[in-house]
Amino acid sequence: MSVESIRSFRSVFISDIHLGTRGCQAELLLDFIKQIECDKLYLVGDIIDGWKLRSGWHWPQAHNDVIQKILRMARKGCEVIYVPGNHDEGVRDFCGVHFGGVVVQREAIHETADGRRFLVVHGDEFDGVVQHARWLAFVGDWSYRTILMLNTVANRLRRRMGLGYWSLSAYLKVKVKNALQFIENFESAVAEEARRRGVDGVICGHIHKAEMRDIDGITYINDGDWVESCTALVEHADGRLEILEWAKERSWSMIDRKTPRALSPVPETIAA
């Protein structure tokens, strides 16, 4: 891989990787990490799925490679901030501790190059189901994984029919009234917390829906996930924030977990 192919960013935010689950797109995440360099890397929760690992062990080499690559980035001088989520909540017991150059924080305040301040949280704190009906959250997690399995079956059939990829879970999020209302309530609650803190915006994950929009003067940003959308939030040198849809950029097959040809360095892009 040539040096020219590397994309340089001031900061990168990724969340909801869910290492330890079959739905994790670890291979594509490795491809993304190999193509970037940044001063700061924020891991915005649900990096390792402790919920799933407690019920059954699934840890292929690619999942281990993701951990090793992140630790290597930290050793090379990248500041890595780990803000745990609800699926890796056990890590919250180690807030303030450094692991191989990775610092664990309950939350963070990020200041962009153009002077804007963002609250960085995973977001489960604003999910009433997780906070007040934990058993229902586990049921929801099981349901989500079941939908992902059905999604795989459905898309294999679609491929045989010559049709493109289609996300069942994304469709349900948009079309099911209760799901849509949950997302709207979540986004409003997170934005309101940012307003209460006196910052310009909030960066979070948790709901697996990449988004960047203004909510009554507060910039709400969700960096998405690495199970379906495979997105990351990046900050350019001038402070401009952008959501990268890596699966689309790399023509990644969510079913076969490979591009039509072997993953190769992305073409050189215009510097930020």
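Reader: How many aromatic pairs does the structure hold?
Author: Five aromatic pairs. Rings of Phe, Tyr and Trp (its six-membered ring) pair if their centres lie within 6.5 Å; planes under 30 degrees apart count as stacked, over 60 as edge-to-face and the rest as tilted. One of the pairs is Phe 94 with Phe 99, which is edge-to-face: 5.7 Å centre to centre, with 75° between the planes.

Reader: Before I go on, what are the ground rules here?
Author: This is a predicted model: local features need pLDDT of at least 70, side-chain atom pairs count only at pLDDT 80 or more, and totals for chains, interfaces and linings use all residues. Residues are numbered from 1 along each chain as its sequence is written, and side-chain values use heavy atoms, with hydrogens and water left out.

Reader: Why does Phe 94 count as partly exposed?
Author: Because its relative accessibility is 40%. Buried means under 20% relative accessible area, exposed over 50%, and partly exposed in between (1.4 Å probe, protein chains only). Phe 99 is partly exposed too, with a relative accessible area of 40%.

Reader: Which residues do ring pairs link into a cluster?
Author: Phe 32, Trp 226 and Trp 246. Phe 32 and Trp 226 also come up in the largest nonpolar core, among the residues with the most contacts inside it.

Reader: How many residues has that largest core?
Author: It has 35 residues. A nonpolar core is a set of buried Ala, Val, Leu, Ile, Met, Phe, Trp, Tyr and Cys residues joined through side-chain atoms within 4.5 Å. Elements that give two or more residues to this core include strand 1 (7-14), helix 3 (61-75) and strand 11 (231-235). Helix 1 gives the most, with six residues.

Reader: Where's the second core?
Author: It is separate, with 14 residues, including Leu 119, Ala 191, Val 199 and Ile 207.

Reader: Back to the first one. What does Leu 41 touch?
Author: Leaving out residues up to four places away in sequence, Leu 41 touches Val 12, Ile 14, Ile 70, Met 73, Cys 78, Glu 79, Val 80 and Ile 81. Contact means heavy atoms within 4.5 Å.

Reader: Cys 78 is on that list. How many disulfides are there?
Author: The count comes to zero. A disulfide is a pair of cysteine sulfur atoms within 2.5 Å. For Cys 78, the nearest cysteine sulfur is that of Cys 38, 3.8 Å away.

Reader: Is Cys 78 buried or exposed?
Author: Buried, with a relative accessible area of 8%. Cys 204 is buried as well, at 0%.

Reader: Now strands. How many helices and strands are in the chain?
Author: Eight helices and 12 strands. Helices (H or I, at least four residues) and strands (E, at least two) are DSSP runs, numbered from the N terminus.

Reader: How do strand 2 and strand 3 run?
Author: Parallel, with four bridges joining residues 36-43 to residues 79-82. Two strands pair if DSSP finds at least two bridges between them. Lys 40 has Glu 79 as its bridge partner in strand 3. Three bridges join strand 3 to strand 5 (residues 102-104), also parallel, and Val 80 stands opposite Val 102 there.

Reader: Which strands form the open sheet, in what order?
Author: Five strands, ordered 6-7-8-10-9, with mixed pairing. The edge strands are strand 6 (108-111) and strand 9 (211-215). Inside the sheet, strand 8 (residues 201-204) and strand 10 (residues 218-222) run parallel, joined by four bridges. Ile 203 has Ile 221 as its bridge partner in strand 10.
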